[in-house]
Amino acid sequence: MKRIDGRNYDQIRNVNITRNYIKHPLGSVLIEMGDTKVICTAMVEDKVPPFLKNTGTGWVTAEYSMLPGSTQHRKIRASSKGRIDGRSQEIQRLIGRALRSVVNLEDLGERTVWIDCDVIQADGGTRTASITGAFVALVDALYALYKEGTIFYIPIKDFLAAISVGIVEGNRLLDLCYVEDSSAKVDMNIVMTGNKEFVEIQGTGEEAPFSMDDLNELLRLAQKGNQELIDKQKEVLGEIAKLVGQEKPTEG
Ligand code: UDP
């Protein structure tokens with residue numbers, strides 16, 4: 001079975017991660033998964049939300065949006081009242097939750113890392129590409145704080161990546177492009193760590209309920225894809241990758 005873009009059922013799209021893509025943020029990445037392209041930035045603010053004030057703990061939060069020209073039909077940025085749509089809200093919460101799951105927030109100090117994911121071209125899997133790219137931007141931003149002596153180690157416990165899987169015309173597929181996504185009967189987004197543990201599984205078979213066998217095979221495909229993405233993250237981070245997952249240095 002060959003897919004619309006010639007891939008095998010278990011093959012991810014070509015992935016490129018370009019670091020330091022934008023000048024001002026401490027971390028910035030262009031991630032390309034096939035024709036999906038997202039700019040992910042990480043900026044640090046010396047301030048936390050009210051519920052964390054005077055706790056010494058930090059926060060990681062995310063915003064997500066699609067450029068009007070990123071989709072086939074012009075995507076409006078926000079409603080006339082300035083509200084973003086429900087899908088974008090759901091996605092930005094997912095990105096924030098996913099990243100926080102691998103950060104030792106109490107070792108970040110009272111600062112917030114703002115992650116911004118801006119889709120410049122959408123061809124399926126924009127939320128998963130955002131998570132995979134944002135992770136690299138986050139590492140770069142925290143590395144910058146570490147280098148300047150603001151924090152004493154990089155408080156990131158493990159690598160993190162995300163990928164979509166689904167069932168299209170009866171075939172279980174890894175990393176759906178838009179054409180596949182729009183005809184998928186089952187569609188899932190899976191966030192995983194470098195230790196092959198699950199952080200979040202979003203899935204729906206509302207058009208066609210799926211079996212335990214389907215689920216197991218989809219999870220297996222997602223694990224394969226995510227590990228390939230994490231290999232890529234390690235490759236682009238080079239020596240900095242070794243600082244991810246290190247223990248907090250003991251005082252003294
Ligand atoms: N899409 C679009 N306009 C929208 C939302 C989505 O053209 O307002 C396309 C886009 O290519 C996107 C795909 O539909 O990647 C799948 O959207 P979904 O909501 O499943 O999220 P994604 O797969 O991008 O995380």
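Modeller: A polar contact is a pair of N or O atoms within 3.5 Å. The model discussed here is predicted.

Biologist: How far is an oxygen atom of the ligand from an N or O atom in the side chain of Lys-75?

Modeller: Lys-75 is one of the residues surrounding the ligand. The cut-off for a polar contact is 3.5 Å. The Lys-75 side chain places an N or O atom within that limit of a ligand oxygen. The distance is 3.1 Å.

Biologist: At what distance does a polar side-chain atom of Arg-87 lie from an oxygen atom of the ligand?

Modeller: Arg-87 also belongs to the set around the ligand. Arg-127 reaches a ligand oxygen too, with a side-chain N or O atom at 2.8 Å. For the polar side-chain atom of Arg-87, the value is 2.6 Å.

Biologist: What share of the ligand's exposed area does the protein bury?

Modeller: Start with the ligand taken alone, which exposes 510 Å². The buried share is 78%.

Biologist: Which residue in the turn of the E2 and E3 hairpin has a positive phi?

Modeller: Strands E2 (residues 27–33) and E3 (residues 36–45) pair antiparallel over 7 bridges. Ile-31 stands opposite Val-38 in E3. The hairpin leaves 2 residues between the strands. With a phi of about 60°, the turn residue is Gly-34.

Conventions: Residues are numbered from 1 along each chain as its sequence is written. This is a predicted model: local features need pLDDT of at least 70, side-chain atom pairs count only at pLDDT 80 or more; totals for chains, interfaces and linings use all residues. Side-chain values use heavy atoms; hydrogens and water are left out. A residue is near a molecule or strand if one of its heavy atoms lies within 4 Å of it. A polar contact is a pair of N or O atoms within 3.5 Å; within protein, one must be able to donate a hydrogen and the other to accept it, and residues adjacent in sequence count only if both atoms are side-chain atoms. Accessible areas come from the Shrake-Rupley method with a 1.4 Å probe; for residues, only the protein chains shown count as cover. Two strands pair if DSSP finds at least two bridges between them. Helices (H or I, at least four residues) and strands (E, at least two) are DSSP runs, numbered from the N terminus.
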